[in-house]
Amino acid sequence: MNIDSETSVFCLIGNPVYKSLSPSIHNISFKYNNINSTYLTFKVDDLDNAIKGMKALNIKGFNVTMPYKEKILKYIDEIDELAEKIGAVNTVINDHGRLKGFNTDGLGFIKSLEERNIFLNNKKILIIGSGGAGRGIAMTLASKNIYKLFLINRTRSKGEKLVKDIKNNYKNIDVQFIDESQIEDDYDIVINTTSIGMFPNETNIPIDPLIFNKDTIIYDIIYKPRPTLFLKKAKRQGKYIIDGLDMLIYQGLLSEVIWKNEKNDIFSMKKQIKKGLYNIK
Ligand code: ATR
């Protein structure tokens, strides 16, 4: 990559950012598209000063990850409607010191389904988890008018709050919080958005996929390991599975669309990036 005085800088802020795949994703894309930009990661302890520094240095745009997706809100001058409903921002444009916030997590999730010709109309969906990622996906699915949405979460109050927020924003969505005893077998898609099964706790599983019938698509947004035990078991049971790498790449590519204000062909770009990431375990 030729870095020169015209190179635009983009970055990820979070803590930890160790082993993040975002620099690989964006730098592969910048190189492939011949864009004079580079993408770095910054482990941030002091968000206030990090924001001041990024403005002072004219960092063109950035992604936000744990634990700052909600904390960033107070620094945002203008927020996209969906990000506001989700209550979290993962993508920021720095327009000469004015910060505009977006959230591409749920949209990245939907792209990974569209790529597989899985469309959301008339789908009955169960989402496990109501943390940051669960909120992003649930609110985005609600914005797409899905048929029926069920949420389950260890902390009931958080799940119920998400249901309330969805209902406040999307009056016609059939959404409800359920407990484990109410889980049914006939969802079209079941999505794990919790960290259960993530490295280094790879032997944990959110729920036995045997509960669900053989036509249920089992999705785990975790990409480390790939696949998780949840997906391995589901696959052994003959179910169609999807892991978290495609969603990760798509949310990144959708950030680029926002930064560059260009409609790239993100489906073919995703294939290029996946090739470049071949050694990811
Ligand atoms: P993220 O931004 O990755 O979504 P998060 O906001 O911390 O991270 O959310 C983590 C999710 O995983 C939550 O749904 C959390 O459940 P709680 O709301 O009860 O905390 C869920 N989670 C994490 N570890 C869990 C465990 N051991 N058992 C059940 N749920 C767990």
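Helices (H or I, at least four residues) and strands (E, at least two) are DSSP runs, numbered from the N terminus. With that settled, here are some points on the structure above.

1. A word on the model: this is a predicted model, in which local features need pLDDT of at least 70, side-chain atom pairs count only at pLDDT 80 or more, and totals for chains, interfaces and linings use all residues. Residues are numbered from 1 along each chain as its sequence is written, and side-chain values use heavy atoms, with hydrogens and water left out.

2. Asn34 sits in the loop between helix 1 and strand 2 (37-43), and its phi is near 55°, a positive value in a residue other than glycine. For context, most residues other than glycine have a negative phi, and most peptide bonds are trans.

3. Two prolines deserve a look as well. Asn15 and Pro16 are joined by a cis peptide bond with omega of about 10°, and Pro16 belongs to the loop between strand 1 (8-14) and helix 1. The bond from Lys224 to Pro225 is also cis, with omega near 5°; Pro225 is found in the loop between strand 11 (217-220) and helix 7 (229-236).

4. Now to helix packing, starting with helix 1 (residues 22-32) and helix 9, which pack at an angle of about 120° with their axes 9 Å apart. (Axes are lines fitted to C-alpha atoms, for helices over the stretch in contact, and angles run from 0 to 180 degrees between N-to-C directions.) That angle makes helix 1 oblique to helix 9, given that angles under 35 degrees count as roughly parallel, over 145 as roughly antiparallel, 65 to 115 as roughly perpendicular and the rest as oblique. The contact (heavy atoms within 4.5 Å) involves Ile25, Ile28, Ser29 and Tyr32 of helix 1 and Met269, Gln272, Ile273 and Gly276 of helix 9. By class, this contact has five nonpolar, three polar and no charged residues; here Ala, Val, Leu, Ile, Met, Phe, Trp, Tyr, Cys and Pro count as nonpolar, Asp, Glu, Lys and Arg as charged, and the others, Gly among them, as polar.

5. Helix 1 also packs on helix 8, at about 55° with the axes 10 Å apart, which makes helix 1 oblique to helix 8. Ile25, His26, Ser29 and Phe30 of helix 1 face Leu248, Ile249, Gly252, Leu253, Glu256, Trp259 and Lys260 of helix 8 in this contact. Six of these residues are nonpolar, three polar and two charged.

6. Helix 8 (residues 245-260) and helix 9 (residues 266-276) have axes that come within 10 Å and cross at roughly 125°, so helix 8 is oblique to helix 9. From helix 8, Leu245, Asp246, Ile249, Tyr250, Leu253, Leu254 and Val257 meet Ile266, Phe267, Met269, Lys270, Ile273 and Lys274 of helix 9. The classes here are ten nonpolar, no polar and three charged.

7. Lastly, the ligand. The residues around it (those with a heavy atom within 4 Å) are Gly129, Ser130, Gly131, Gly132, Ala133, Asn153, Arg154, Thr155, Lys158, Thr194, Ser195 and Ile196. An N or O atom in the side chain of Asn153 is 2.7 Å from a ligand oxygen atom. Backbone N or O atoms also come up: one of Ser130 lies 3.1 Å from an oxygen atom of the ligand, and one of Gly131 lies 3.4 Å from an oxygen atom of the ligand.

Conventions
A polar contact is a pair of N or O atoms within 3.5 Å; within protein, one must be able to donate a hydrogen and the other to accept it, and residues adjacent in sequence count only if both atoms are side-chain atoms.
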